[in-house]
Amino acid sequence: MKKQTKLVYLGSRPEPQYGSVNPPIFQTSTFAQVAPGEYKGFDYTRTDNPTRTVLQDMLATAENAEYALALASGMAAVDCVFAKLKTGDHIVTGDDIYGGTYRYLLDIASARGIDTSFVSFKDLENVRAAIKSNTKMIWFESPTNPLLNLNDIAAIVAIGKENGVLTAIDNTFMSPIFQNPLDLGVDIVMHSMTKYLNGHSDVIMGAVMTNREDLYLVMKNHQNAVGATCSPFDCYLAIRGMKTLSIRMRAHEENALKVAEALNGHPKIEEVLYPGLPSHPDHELAKKQQSGFGGMVSFRLKSDLEGTRKFLTSTKLFVLAVSLGGVESLIEQPATMTHFEMPKEAREAVGITDNLVRASIGIEDADDLIADLFQALDQI
Ligand SMILES: Cc1ncc(COP(=O)(O)O)c(C=O)c1O
């Protein structure tokens, strides 16, 4: 079966008792035991729940993985990826990663005695040079959030393997439809399921996937121990969302390309960052390691902080909001919204300037989206 067939198939298996074609929402914290310690596969929802199991099977299928865990948020999933690391360990990561992960590494991982080096992945020699005797993991995104720089996954895996260091990637922006890093040798893939996987901006959830049983067991134990569990109802919503993941991603991408092309060359636009444009510096790499260019478009206005605020408050269709990957189009200013956790100098050093705008292109009609952006540009 092809992936799209499998996702619909797994999410629509008739349940044995009444034949419901949708998985029941097992909205329960606990399960009756037949005798002490004897139960029918599930004892407590923090540990496991049948609705979550259906979702986890779909998540594993989506990433060509042996194992998947559904968690309470993308950040709970990030935390789970680092579960194997201990005091004294070291992580190498990019200098333009998602602001929440940046904050996690600086505040939470460092308090646990885990040190992080933030380096530019534009030259992978920086990654090699940052590896120390206590380095245990290379953590990266591709494309990065919000600059949409690509990282060469196979080359990073090779560096990891040469040095006996695990590799883990945040694959949220591509979704498993356009990029499957486990196939390229990455050890752990993480998603904010809040975004494309669920696709309707109505849950906060995360996921991790791996082919390694040892890593899966460590992460599963961590999730259960810290209680980073998602609700059965949210699992149901994500199951419903994932059945249309493949067609949604195609629609996001088709619209994103049209929007990027329309903005490119507009007199009030300084630069459009979209890997699907041949002018993007990583366009060839995108064609090599991705099967689509995705639905995220970033761009710089020929304007300042005030002008950018004016633009962002002038859209009528695009909603001014953080997050991404829902059917509706969202727009935001990374410097003040998603990446304010990064110190100003660190932001500006990597190019997260005040005139940078990030748009999550939804599945509306592309002509309406372009008209909305153009009328907002007229306001500045
Ligand atoms: C790339 C990326 N990773 C991780 C996260 C965190 O996910 P969540 O908000 O579901 O905790 C986000 C959220 O915006 C994100 O954009």
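1. First, the pocket criterion: on a 1 Å grid over the protein atoms alone, a pocket is an open set of points with protein on both sides within 12 Å along at least five of seven lines. A molecule sits in a pocket if more than half of its atoms lie within 2 Å of its grid points. By that test, the ligand here sits in the largest pocket.

2. Some housekeeping. This is a predicted model, so local features need pLDDT of at least 70 and side-chain atom pairs count only at pLDDT 80 or more, while totals for chains, interfaces and linings use all residues. Residues are numbered from 1 along each chain as its sequence is written, and side-chain values use heavy atoms, with hydrogens and water left out.

3. Have a look at the polar contacts (pairs of N or O atoms within 3.5 Å). Thr194 has a side-chain N or O atom 2.6 Å from an oxygen atom of the ligand. For Lys195, a polar side-chain atom lies 2.6 Å from a ligand oxygen atom, and for Ser192 the distance is 2.8 Å. On its own the ligand exposes 390 Å², of which the protein buries 91% (Shrake-Rupley areas, 1.4 Å probe).

4. Met193 is in the loop between strand 6 and strand 7 (206-210). Met193 counts as buried because its relative accessibility is 0% (the cut-off is under 20%; over 50% is exposed, and in between is partly exposed; 1.4 Å probe, protein chains only). Its C-alpha is 8.1 Å from that of Val203, 10 residues apart along the chain.

5. The loop between strand 4 (135-141) and helix 6 (153-162) deserves a check, with Pro143 in it. A cis peptide bond joins Ser142 and Pro143, omega about -5°, and another joins Asn145 and Pro146, omega about 10°. Leu148 lies in that loop too, with a positive phi of about 60°, and is buried at 1% relative accessibility.

Notes
Polar contact = N/O pair within 3.5 Å; in protein donor to acceptor, adjacent residues only side chain to side chain. 1 Å grid on protein atoms, 1.4 Å probe; cavity = no way out; pocket = protein on both sides within 12 Å on 5 of 7 lines; lining within 4 Å. Helix = DSSP H or I, 4+ residues; strand = E, 2+ residues; numbered from the N terminus.
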